[in-house]
Amino acid sequence: IQKGFGCMEKTDSTQIKSIAEDIINLSRNSLILNLRFLDRAFGTFNVSEGEVFSTDGENIYFNSIDVLLNYRKNKNAVTHDFLHAVLHCVMRHLFVSGKVDKNLWNVACDISVEAAIGEMDLNCVKLPINEEQEKVISNLKKELRFVTAEKVYRYYKDKNLSHEKIEALNNVFKSDDHCMWYSDEPEEDESIKDQQ
């Protein structure tokens with residue numbers, strides 16, 4: 001794969017897409033080997049070209065150029081992002097009212113998924129240590145019994161985080177785009193009920 005995108009300027013879009021698909025399939029296979037109890041979850045998603053890395057619960061969309069660049073930076077990056085997207089579905093983060101504070105819900109979901117990935121301690125998804133992520137997750141573990149999206153959302157909602165702080169957390173934890181999760185319901189702030 002490395003040879004295939006050593007010089008992307010000379011590679012046409014069909015080749016780029018083909019290499020990106022190979023990387024995505026390699027990532028999926030690595031996850032199936034390491035997390036056999038989730039093999040059906042990994043295998044059920046259709047994978048196709050999109051603008052950004054995202055999922056709608058049935059498909060995982062990827063941007064070929066982004067996949068190649070991320071893989072070039074760190075071979076585990078795409079595998080990490082694939083697992084991140086699948087865990088959103090497994091944890092049912094997509095099934096949320098349109099009335100929720102979307103920015104805060106996005107952050108709470110990303111934090112809970114990253115906490116779960118950290119606890120799995122898998123070599124195939126390990127990225128360089130992100131001290132900011134570790135600090136946030138460590139603090140939440142002290143405050144909450146479990147770091148679930150619902151509990152994180154409620155915790156930060158009660159703290160009345162500013163838009164700037166939510167954006168800062170988003171920058172630290174974002175791995176995929178969540179725009180497909182929300183219906184066109186009118187936006188109204190409504191608290192997520194704490195599920196136990």
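A crossing of two helices is left-handed if the near helix is turned anticlockwise from the far one by less than a right angle, and right-handed if clockwise. The views below come from a predicted model.

**View 1. Helix α4 passes helix α5 in a right-handed crossing.** Helix α4 comprises residues 77–90 and helix α5 residues 102–120. Their axes come within 10 Å and cross at roughly 120°. Angles from 65 to 115 degrees count as roughly perpendicular and those over 145 as roughly antiparallel; α4 and α5 are therefore oblique to each other.

**View 2. Residues of α4 meet residues of α5.** On the α4 side, the contact involves His80, Leu83, His84, Leu87 and His88. The partners in α5 are Cys109, Asp110, Val113, Glu114, Ala116, Ile117 and Met120. By class, this contact has 7 nonpolar, 3 polar and 2 charged residues.

**View 3. Arg92 lies in the loop between α4 and α5.** The residue has a positive phi of about 60°, although Arg92 is not a glycine. Its relative accessible area is 55%. Since exposed means over 50%, Arg92 is classed as exposed.

**View 4. Asp121 lies in the loop between α5 and α6.** Helix α6 spans residues 131–143. Asp121, likewise not a glycine, has a positive phi of about 50°. With a relative accessible area of 51%, Asp121 is exposed.

Definitions and conventions. Residues numbered from 1 in each chain as written. Predicted model: local features only at pLDDT ≥ 70, side-chain atom pairs only at ≥ 80, totals over all residues. Heavy atoms only, no water. Axes fitted to C-alpha atoms, helices over the stretch in contact; angles between N-to-C directions. Helix = DSSP H or I, 4+ residues; strand = E, 2+ residues; numbered from the N terminus. Parallel < 35°, antiparallel > 145°, perpendicular 65-115°, else oblique. Contact = heavy atoms within 4.5 Å. Nonpolar A, V, L, I, M, F, W, Y, C, P; charged D, E, K, R; others polar. Buried < 20%, exposed > 50% of the residue type's maximum accessible area, 1.4 Å probe, protein only.
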